[in-house]
Amino acid sequence: MRRLKKRYLALTTESSTGQTFSEREVWDALWRSVLRLFGEVGASQLGLFRVRGFDAPGGVLLVRCWHTALERVRGAAALVRGITGEPAAVHVLGVSGTLKGLEQKLRACEVSSRE
Amino acid sequence: MRQFADLCLRPDSMDKPRIERIICKASELGFSLVGISLPAKAERDKVCFFRRVCRDYRADLVTRIDLTPSSSSELLRTLSQSRRKFELVAVKCFSKEVARQAAKDRRVDLLVFPSRNWRDRFFDVAEARLASGGVAALELPMSLVWGCEGSAWVRLLSCLREEVEVAKRFGVPLVICSGGSDVLELRGPHELASLATLVGMASEEALDAVSEVPYNIVKRNREKLDENYVVEGVHVIKRGRDCEG
C-alpha cells in the first residue's frame, strides 16, 4: 500500500461580532461539520488530527489530514456556519506538506496583511 | 496562474459601507473579479463608487442583474430592457416555462435555480439540451446549502449532483459562486471548489468553474458591450472620412 502523504492546514475564523474562539471550539465545530458531511466512517478516512504544541499566530488552528482528503476537509471547513452558537466562518489560510512550510506561509500572510 | 472570480455577491442593501466590506473581504479571499447583483434602476454614482472601491482593493467589478420573471413574455421584455445596461444577466428560474425560455435565449448568461426544493428545480435533460445550444451557463451558488438541514439537505445535494452530471453530459458550462449577502457567507475560491467536488465535480473542473469559466463569460460580454463591436469576430477599428491605411 502506498504511503499516504500528509497535508497541514492553517484555519482561521471570523465572526459577526469580532469574537475570537479557542482552538478547542473551532476544532469541535470543524469536527461536527466533518461528521455531518461524511459520517463516522468517512471521517475516519480523512486522517484528521489537530496539531498541538506548535506556535501558531493567535486565532489560528492547525490541523493535519491525508493529502487525498484535503478537498473534503476544505469543504467541511467551508460549511461551518457557527461556532458555539455564534455566526462564524472558517477560512483556510494556507496548506503545506510540512509544518515548517506552513509556518513560512503564515509569516508571509502576516507580512502582506500588514502592508 | 489562475485568477478567481465570484460572480454573485448579493448584498442585502445597497448601503455603501456594507458593500465596501464585502468587496474588501472578497479581495482578501483571493478574488480578482467580483460580480455584484444590482437593482434594475441602480444609481450611476453608486456603481461608480463600487468600481472605485474595487479598484482600491485591486479587484474588478462586474455589474450584474438578477431577473426574476414570472412568465416567458416578462423575461423577454426585461431582457430587452436590461441587456445593454449590465455586463452579466442572470435569470432566476422559478418555473419551467421561464427556465426553458432563458436556456434558449442567447442574451442570458447565467441560469440560476434558487429553490432548495427539488420539485422547483428544472435543470433536467431538456433544459441542458436547450442551454447547450445557447450561451447560458448553469450557476451553482453555494449559499444554497446554507440553512438546509437533515433530509432536505441530503436531497438538495443529490439534486445538485444530478444537475452537475447533466450539465457535464451536454457541455453546459458550470459557474460556482458564493451567492453571499454578508461577509460571513463568503468563502475562498479553493473552498468553493471543494464544495463543488462534494456534488460530483472533479477538482480541476471545480477550479475552472471559479476561474476560467466566469472570466470567459465576462470577457465575451464586455466585448459585445464595447461600442466598436459589430458582430462576433467583427470590430470597428477606425471611424471617420479617411479610413484608408
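Helices here are DSSP runs of H or I with at least four residues, and strands are runs of E with at least two, numbered from the N terminus. Keep that in mind for the element names below. The model is predicted.

**Stop 1: a loop in chain B**

Select B:Arg58. You are in the loop of chain B that runs between α2 (44-56) and β3 (60-67). Check the backbone here. Phi of B:Arg58 is near 60 degrees, a positive value, and the residue is not glycine. Most residues other than glycine have a negative phi. Now show the surface. B:Arg58 counts as exposed, because its relative accessibility is 76% and the cut-off for exposed is over 50%.

**Stop 2: a loop in chain A**

Move to A:Thr84. Which loop holds A:Thr84? The one between β4 (82-83) and β5 (86-96) of chain A. Phi is positive at this threonine too: A:Thr84 has a value near 50 degrees.

**Stop 3: the positive patch**

Stay in chain A and select A:Arg2, A:Arg3, A:Lys5 and A:Lys6. Together they form a positive surface patch. Zoom in on A:Lys5. This lysine sits in the segment before β1 (6-15) of chain A. Is A:Lys5 buried or partly exposed? A:Lys5 is partly exposed, at 44% relative accessibility.

**Stop 4: the negative patch**

Return to chain B. Select B:Glu223, B:Asp226, B:Glu227 and B:Glu232, which make up a negative surface patch. Start with B:Glu223. Helix α9 of chain B, residues 212-225, contains B:Glu223. The relative accessible area of B:Glu223 is 36%, so this glutamate counts as partly exposed.

**Stop 5: the cysteines**

How many disulfides does the structure hold over all chains? The count is 0. Two cysteines of chain B let you follow the reasoning.

Select B:Cys8 first, then B:Cys177. The closest cysteine sulfur to that of B:Cys8 belongs to B:Cys177, 4.2 Å away, which is too far for a bond. A disulfide needs the two sulfur atoms within 2.5 Å. B:Cys8 is buried, at a relative accessible area of 0%.

Note on methods: Residues are numbered from 1 along each chain as its sequence is written. Chains are lettered from A and ligands numbered from 1 in the order in which they are written. This is a predicted model: local features need pLDDT of at least 70, side-chain atom pairs count only at pLDDT 80 or more; totals for chains, interfaces and linings use all residues. Side-chain values use heavy atoms; hydrogens and water are left out. Patches are made of residues with over 30% relative accessible area and no salt bridge: like charges are joined within 9 Å, nonpolar side chains (Val, Leu, Ile, Met, Phe, Trp, Tyr) within 5 Å. Accessible areas come from the Shrake-Rupley method with a 1.4 Å probe; for residues, only the protein chains shown count as cover. A salt bridge is a side-chain nitrogen of Lys or Arg within 4 Å of a carboxyl oxygen of Asp or Glu. Lys and Arg count as positive and Asp and Glu as negative; His and the chain ends are not counted. The place of a charge is taken as NZ of Lys, CZ of Arg, CG of Asp or CD of Glu. Buried means under 20% relative accessible area, exposed over 50%, partly exposed in between (1.4 Å probe, protein chains only).
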